[in-house]
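Q: Hi! Could you walk me through this model while I have it open?

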Amino acid sequence: MKPPEGGVADDLPGVAPRLRDLRRDRGLTLETAAGRAGLSPAHLSRLETGRRQPSLPMLLGLARIYGTTVSALLGEMPPERDAIVRGGAVGGGATSRPGVAPFGGSGGGFAGADDWLYHQAGASGRAMQALRVSVPYGAQSDLVRVHPGEEWLYVLDGRLRVTLGETVHDLGPGDSAHFDSLTPHRIAALDRGGVRLLFVHTLLQSPAAELCLGGEVHRV
């Protein structure tokens with residue numbers, strides 16, 4: 001017997017029911033989810049029943065709407081522990097490592113959303129951008145971000161809470177995190193004095209930069 005609609009249902013096994021279950025778990029109707037994804041309700045219904053195979057742009061859009069990752073939609077769950085490297089594992093904190101200066105200075109800085117402060121720390125016009133970031137206590141702590149890209153951060157001073165998916169990591173000076181930005185993530189300072197960190201991302205030439213850093217990033 002022929003598979004429905006040209007046999008595409010067997011190419012990505014398990015994706016169709018995951019799409020349906022995620023939509024229902026988020027309390028979204030077929031019409032609402034389809035509208036947010038730029039699809040027709042009929043097309044989304046075919047994706048959820050396995051009669052159509054989603055393209056990568058469709059998976060990216062649906063992952064953002066449902067607050068998950070493309071890897072999760074495909075049933076691929078990389079271990080969360082790989083995202084975090086503790087300072088003790090690489091020989092000490094930021095103040096003891098050569099070439100890492102304390103955060104400071106007033107030149108070259110710019111403000112992002114909710115008073116995060118960014119200082120350019122690398123050359124402009126590259127595929128990756130390096131920044132020194134000051135995160136005030138309480139700023140953007142409830143904002144969950146999901147977008148294409150890759151991020152690396154290194155805590156210079158203070159304590160930082162990084163939430164990746166449903167896993168919470170508390171980082172101190174010398175600790176770092178490296179993760180796929182399609183993983184839903186939140187970043188918050190744990191101390192009232194805020195936290196200072198080095199931040200490298202691949203968002204420079206992407207509209208997602210405004211979602212993650214605020215529109216001011218393009219002014220430097």
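**Helices, then strands**

A: Happy to: helix H1 (residues 15–25) and H3 pack at an angle of about 120 degrees, with their axes 7 Å apart. Axes here are lines fitted to C-alpha atoms, for helices over the stretch in contact, and angles run from 0 to 180 degrees between N-to-C directions. That angle makes H1 oblique to H3; under 35 degrees counts as roughly parallel, over 145 as roughly antiparallel, 65 to 115 as roughly perpendicular and the rest as oblique.

Q: Which residues make the contact of H1 and H3?

A: Ala16, Pro17, Leu19, Arg20 and Arg23 come from H1, and Leu44, Leu47 and Glu48 from H3. Contact means heavy atoms within 4.5 Å.

Q: And by class, how many nonpolar, polar and charged residues are in there?

A: There are 5 nonpolar, no polar and 3 charged residues in the contact of H1 with H3. Ala, Val, Leu, Ile, Met, Phe, Trp, Tyr, Cys and Pro count as nonpolar, Asp, Glu, Lys and Arg as charged, and the others, Gly among them, as polar.

Q: Before we go on, where does the model come from?

A: It is a predicted model, where local features need pLDDT of at least 70 and side-chain atom pairs count only at pLDDT 80 or more, while totals for chains, interfaces and linings use all residues. Residues are numbered from 1 along each chain as its sequence is written, and side-chain values use heavy atoms, leaving out hydrogens and water.

Q: Thanks! Which residues of H3 are buried?

A: Leu44, Leu47 and Glu48 are the buried ones. Buried means under 20% relative accessible area, exposed over 50%, and partly exposed in between (1.4 Å probe, protein chains only). Those three cover an arc of only 95 degrees around the axis, so they sit on the same side of H3; the arc is that of the directions from the helix axis to the C-beta atoms.

Q: What do the buried residues of H3 pack against?

A: They pack against H1, helix H2 (30–37) and helix H4 (56–66).

Q: I'm also looking at alanine 42. Where does it lie?

A: Alanine 42 lies in helix H3, residues 41–48. Alanine 42 has a relative accessible area of 42%, so it counts as partly exposed. Its C-alpha atom is separated by 8.7 Å from that of leucine 30, which is 12 residues apart from it along the chain.

Q: Changing topic: how many helices and strands does the protein chain have?

A: The protein chain has 6 helices and 10 strands. Helices (H or I, at least four residues) and strands (E, at least two) are DSSP runs, numbered from the N terminus.

Q: Is strand S10 mostly covered or mostly uncovered?

A: S10 (residues 195–201) is mostly covered, with 5 of its 7 residues buried. Strand S4 (residues 129–135) runs antiparallel to S10, joined by 7 bridges, and leucine 131 has phenylalanine 199 in S10 as its bridge partner. Strand S5 (residues 150–157) also pairs with S10 in the antiparallel sense, over 6 bridges. There, glutamate 151 stands opposite histidine 201 in S10. Two strands pair if DSSP finds at least two bridges between them.

Q: What is the order of the open sheet of 3 strands?

A: The order is S7-S6-S9, with antiparallel pairing. Strand S7 (167–171) and strand S9 (185–189) are the edge strands, each pairing on one side only.
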